[in-house]
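Work through the exercises below with the sequence and the model open. Each task is followed by a solution in steps.

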Amino acid sequence: RPKLDLIAVEPWLVFYHGGEALARSLLDFLQILPGGGLSIGQVGKNWIDAMKATFAAGCFWGVEAAFRKRDGVTSAISGYTGGALPNPTYEQVCSGTTGHAEAVEVEFDPEVVSFDELMALFWEIHNPTQKDRQGPDIGTQYRSAVFAHGDDQALAAAASKAQLASSGQFRDNLATEIVPARPFYRAEEYHQRYFEKMGHHR
């Protein structure tokens, strides 16, 4: 059995092994014990996924730039998700035949920025009433979507969507999909930090 060190106190217990967080709570820790049902690797993956969020809101250049500027966001990567073709190219996604959306995978520090705050930014930077388009960009690859990493994110995203829908801010219905996270494929390097490379600062 691996040696585990407890370095936080209730109500949140964090168990570490070799510098890697294995469990955030006593319940998680019990699940990695023999017969508990989860391997150490699975618990580690759950911990990592809890600090990821994936959003589609039209062309990923501007979406990435907006999230990258948010305090607490440690990484924002442009890519493709939600489709069936492994490792698609930009040209394949733009054909509208792969099922992928242009999306941004965000890694964040939940002690600095919450998922709810990321959702607020998501609503702010695009028009969620437009179906399969954003402005002049038309096609399913430009759809509005939240790819939820786990049930907690799915519930939080649904609650945020319901709150926005009832706020009266938009006259039309929200077209945003909330679906489970799918494999995410990093886009070609020239898409990463695109606005910075092109000299845009917004």
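The model is a predicted one.

**Exercise 1. Determine which residues of helix α3 are buried, and find what they pack against.**

Step 1. Helix α3 covers residues 60–68, and its buried residues are F60, V63, E64, A65 and F67.

Step 2. List the partners of these buried residues. They pack against the strands β4 (52–57), β5 (73–81) and β6 (101–108), and against the helices α4 (90–94), α5 (115–124) and α7.

Step 3. Check the charged member of the list. E64 is buried because its relative accessibility is 1%, and the cut-off for buried is under 20%.

**Exercise 2. Find the salt-bridge partner of E64 and relate the pair to the helix.**

Step 1. The side chain of E64 forms a salt bridge with that of R68, at 2.9 Å from N to O.

Step 2. Both residues belong to helix α3 and are four residues apart, so about one helical turn separates them. An α-helix has 3.6 residues a turn, so residues three or four places apart point the same way.

Step 3. E64 is buried at 1%, whereas R68 is partly exposed, with a relative accessible area of 23%.

**Exercise 3. Characterise the surroundings of H191.**

Step 1. Locate the residue: H191 sits in the loop between β11 (185–186) and α7 (194–197).

Step 2. Assign its burial. The relative accessible area of H191 is 0%, so H191 is buried.

Step 3. List its contacts. Beyond four places in sequence, H191 touches F60, W61, E64, S78, Y80 and Y90. Of these, F60 and E64 are among the buried residues of α3.

Step 4. Look for a polar contact. The side chains of H191 and W61 make one, at 3.0 Å.

**Exercise 4. Describe strand β6 and its pairing.**

Step 1. Seven of the eight residues of β6 are buried, so the strand is largely enclosed by the rest of the structure.

Step 2. β4 pairs with β6 in the antiparallel sense over four bridges. Here K52 stands opposite E107 of β6.

Step 3. β5 also pairs with β6 in the antiparallel sense, over eight bridges. The bridge partner of V73 in β6 is F108.

**Exercise 5. Decide whether C59 and C94 are joined or apart.**

Step 1. The structure holds zero disulfides. C59 is in none, and its nearest cysteine sulfur, that of C94, is 8.8 Å away. The cut-off for a disulfide is 2.5 Å between sulfur atoms.

Step 2. Both cysteines have intermediate accessibility: C59 is partly exposed at 23%, and C94 is partly exposed at 30%.

**Exercise 6. Trace the largest nonpolar core and the place of F122.**

Step 1. The core has 28 residues, and F55, F67, V106, F115, L118, M119 and F122 touch the most other members.

Step 2. Assign contributors. β4, α3, β5, α4, β6, α5 and α6 (151–166) each supply at least two residues, and α5 gives the most, with six.

Step 3. Leaving out neighbours within four places in sequence, F122 is in contact with F55, A56, A57, F67, S144, A145, V146 and T176.

Step 4. Apart from this core lies another, of seven residues, among them I77, A145, F147 and F184.

Step 5. S144, in strand β9, is buried at 2% relative accessibility. Its side chain makes a polar contact of 2.8 Å with that of H126.

Notes:
Residues numbered from 1 in each chain as written. Predicted model: local features only at pLDDT ≥ 70, side-chain atom pairs only at ≥ 80, totals over all residues. Heavy atoms only, no water. Buried < 20%, exposed > 50% of the residue type's maximum accessible area, 1.4 Å probe, protein only. Polar contact = N/O pair within 3.5 Å; in protein donor to acceptor, adjacent residues only side chain to side chain. Contact = heavy atoms within 4.5 Å. Salt bridge = Lys/Arg side-chain N within 4 Å of Asp/Glu carboxyl O. Pairing = 2+ DSSP bridges. Core = buried A, V, L, I, M, F, W, Y, C linked by side-chain atoms within 4.5 Å.
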